[in-house]
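Here is a model to go through by question and answer. Each answer sets a value against its cut-off.

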Amino acid sequence: MKATETPCVRFSLLGPVRAWWGDEELDLGSPQQRVVLAALLLRRGRLVTLSEMIDAVWGEHPPSAAVSVLRTYVSRLRKALAQEGTSLITSATDGYVLDLPEGYLDLDVFEQRVTEAKSQANSHRSAAAALLHEALHLFEGTPLAGLPGPMAEAERSRLTEKRLNAVEDRLLLDLQLGRHHDVIAELVVLTGSHPLRERLWQLLMLSLYRSERPAEALATYRRARGVLATELGVDPGAALREMHDRILSADPSLIESPAAGEASNAVEQEPPAAVHHLARPAQLPADSAAFVGCTAELNQMRAVLRAQSEQSGTPMIYAMAGMAGVGKSTLAVHWAHEIAHRFPDGQLYLNLRGFDPTGPIMPSEEAVRTFLDALGVPAQRTPVGHDAQVGMYRSLLASKKILIVLDNAHDSAQVRPLLPVTFGCAAIVTSRKRLPGLVVNEGAHALSLSPLEKTEAHDFLVRRLGETRISAAEPEATNELVERCAGLPLALAIVAARAAAHPHFSLSSIAEDLKVRHDSLDPFACDDLSIDVRTIFSWSYDSLTEPASRLFRLLGLASGPDISVPAAAALTGLPVRETLGLLAELTNTHLLVEYVPGRYKLHDLLRIFATEGEGRNENEEERERAITRLLSWYVHTADAAYPLLMPIRRRVPLQPLPAACQPLEFASYDDAMKWCDAERPNLVAATHQAAASGLHGLAWRLPATLWGFFYLRSHTRDWLDTARAGLEAARASQDVQGQAWALGDVAASLAMVHRYDEAIDCRMQSMVLFRKLGDGIGRAHALGNLGHLYLETNHLSKAIEYTRRGLALDRCLGSLWAEGISLLNLAEAYQRLERFEEAIKHLEEAMTVLRKTGNRWVEGITLDTLGTVHQRLSHHDDSITYYYQAIEAHREVSNRSGEGATLSRLGDAYQTVGESEAALSSWRQALAIYEDLAHPDAVTIMDRLRRLGEVSPKAPNSLPER
């Protein structure tokens, strides 16, 4: 440990998982909790995702509450490892990282000592042997002793192999140093424990021979030959046979002086003789001449390659995953060709048929035998059992530099026996599934491929069809092709092949055909099933469990651009916990993308696949129930947010909630607003889907429940769009109540874009309908808003008339909320008429009422109006004080539109009193808000600042000091 380092917790993996702070051993909890710690330690300094941890602890059958339990384990570990205010475990994107200084993990120390020993093995044998003795003393029994789970099992095997390699290297050094008498007993034990390791038999034979016991050395060979024949059905390898022959002939080179400077050749440090006679396979498919895209992925793999070349001990393994047709195989082959020169001993390639219409999944037994054949192993030398064949395969790869491409893998279990375990080799694995087991247990570098960006897709077509033909086409045609293929390389390749086969077809006509058949995969059909889009999608789909395939089909019905976990649960009618597991199954097979935590997207072509075809669709009744559940969930959840955004304001009358549908609840304003922000595109799409599906009651209720959100966020386009859709739906079903509410929503959204005449017409119609319904609250609301609209159009006498009528009805109904708003509007009319005393009187009455109801939103507007009245009375200090209070209220309820308006008037007030810098600061902040909201008043503020030559690209973050 460096003198400047802060003391840290020490860890041990080479035995039971343990930790110490100084001399005090820490309590690390249950075996499963120690598995989590082991996973973090094995990936120290790098991210371990939640899915990788779940796979490490439970494998392929985690409990339903795995994520919750895992977070509990991490929380407990943090507490156990926290010393002197430090925390070794930090949260990262979808997982955790454990940062540990060098030298505080026994595995680090072991690997460092082994590396140093290898560097000194030729020049300083004594030092190298001492280093290996020191490294091996770090083992306190079986690595990760007592830990359950697949990761622990795999790591135990890996670390045990590392230990045995180090033991063999240390024994060889001891022999070279003349310690042959000392190692015999140890070698007898080791050959008994590991009878299939031929190098141990060689070392034992040599140590016996040098100890002048040649007969025993020859007897040892006979025992080794008998064991190999019985267990593997093979003869000893060439190196072991050569040792036998040299002993028989009393080869003098077997006796080496301990003072010799170079390592002895008596015991080959390479694996058995089959390695020396390997065929040099060159099995890579041809690289694609039209390869394009994947720049980020290639850069990532190049970075891994550079980092790997600076260390030793482990092979490079890349695990590429992505949806069908996204180009995994193409990228794997392209990358393999780029790095093939680094692997002079050859390249192996195998299509494992994990998801393939051309044949059944290839068993790992068949794959290993195929590779043994490719490496030139004669049939008579191939062992009988699978484990023995895997052992021979790995031995053949040892000390060689071979690149292995395992394409189209089904799962980690199929791949694991085929992976190299020694440094110098590399493997590239592709799969439609994520393979977290390879990342956790084998240290694979994960890459997740996405469809091509628009520019990459355009380049793809240029590569396939030529710049001349693309340039000759209308830009709209090329853009349409890219859009309809949704960036999927396979779909682009099929379209390009069609265009190439018919050079007389214009790209416009091909694009038009795709556009006409936008809801079908027929344009991407091929006679060759290996490149037929519908067929390759079906192979991923067919691998799903029935509940997951049902969820996939239903997801195609949701019209929004993405979906959350609770919304998916509503769609299926299943509990959230069960739905989460099904979503994980879909993302694992790349039929669905979790693009941010908890939110999922379907690729456009997969959405078509999910909904087309009689064989995959639910019956019509189930489809309708699913859509109704989802849209009702959106309405009821929006209604749960409504009172937090619009306290006391009248709630929308809802229809009964379908069974097995549980809307969200919100604890705070911020939570409600956050949900609305995240779901806005889905809520807009849901409104139109409800109208198109004949669910007219949901169609007008959804924008009605979003009134406060649309107003506070100034989403005027979405507001007007959904309100009109709701109104059309209500009229189609002759729903008078729905028409009355929807007309009010349309009027409010029209008013936001200053289309006051249309808004007044809608409010008049709404008022008539509420009177017809006998709905006094609705009628009062329409009257009050008519007063406000006439106020905006400066028809002050009508504004006062309608506002007074509305105020009287509000007081009769006991509606304090509406009374406060009516008093505010009445005061605004009086201040415009310069009847300031009456204006202030009504504003003060409004403040009293608003504070009783806690209506902070309207209170902010009232304070703004008080500021304006006092500004007109030249009470500048009072005016500025009220504006500041108004801004505080606006910010408290996130009324950004109101904040922008008050900031603009505050700037006017400061300019009046000659405080130019404060005025400019206020206007810049107002402009920033208006531009963000696409508010029409942004132009006015921009012109004002331009005239002063003071437009600033950045607005200040805070108000001018008072």
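Helices (H or I, at least four residues) and strands (E, at least two) are DSSP runs, numbered from the N terminus. Residues are numbered from 1 along each chain as its sequence is written. The model is predicted, so local features need pLDDT of at least 70 and side-chain atom pairs count only at pLDDT 80 or more, while totals for chains, interfaces and linings use all residues; side-chain values use heavy atoms, with hydrogens and water left out.

Q: Where is Asp604 placed?
A: Asp604 sits in helix α26, residues 604-611.

Q: Why is Asp604 called partly exposed?
A: Buried means under 20% relative accessible area, exposed means over 50%, and partly exposed is in between (1.4 Å probe, protein chains only). Asp604 has a relative accessible area of 43%, so Asp604 is partly exposed. Asp604 and Glu483 are 121 residues apart in sequence, yet 9.6 Å apart in space, C-alpha to C-alpha.

Q: What makes Glu899 count as buried?
A: Its relative accessibility is 9%, and therefore Glu899 counts as buried. Glu899 belongs to helix α40, residues 896-912. Leaving out residues up to four places away in sequence, Glu899 touches Ile887, His890, Arg891 and Ile929. Contact here means heavy atoms within 4.5 Å. Tyr884 is 15 residues from Glu899 in sequence and 10.0 Å away in space, C-alpha to C-alpha.

Q: Why is Thr803 called buried?
A: The relative accessible area of Thr803 is 1%, so Thr803 is buried. Thr803 lies in helix α35, residues 796-813. Beyond residues up to four places away in sequence, Thr803 touches Gly787, His788, Ser822, Asn825 and Leu826.

Q: How do you know that the length of helix α37 agrees with its 18 residues?
A: The expected span of a helix is 1.5 Å times one less than its number of residues. For α37, residues 836-853, that should be 26 Å; the end C-alpha atoms are 26 Å apart, which agrees.

Q: Which residues of α37 are buried, and what covers them?
A: The buried residues of α37 include Phe836, Ala839, Ile840, Leu843, Ala846, Met847 and Leu850. An α-helix has 3.6 residues a turn, so residues three or four places apart point the same way. The cover over the buried residues of α37 includes α36 (816-832) and α38 (856-872). Just after α37, Gly854 takes a positive phi of about 70°.

Q: How do you know that the span of α12 agrees with its residue count?
A: The 12 residues of α12, 328-339, should span 16 Å; the end C-alpha atoms are 17 Å apart, which agrees. Among the buried residues of α12 are Lys328, His334 and Trp335.

Q: How many disulfides does a search of the whole structure find?
A: A disulfide is a pair of cysteine sulfur atoms within 2.5 Å. The search finds zero. As for burial, Cys425 is buried, with a relative accessible area of 2%, and Cys661 is buried at 6%.

Q: What lines the largest cavity?
A: On a 1 Å grid over the protein atoms alone, a cavity is a set of points where a 1.4 Å probe fits but cannot get out; lining residues have an atom within 4 Å of a point. The lining includes Leu555, Asp562, Tyr600, Lys601 and Arg607.

Q: How much of the protein is buried?
A: Buried residues make up 54% of the 962 residues. The secondary structure comes to 42 helices and 14 strands.

Note on methods
1 Å grid on protein atoms, 1.4 Å probe; cavity = no way out; pocket = protein on both sides within 12 Å on 5 of 7 lines; lining within 4 Å.
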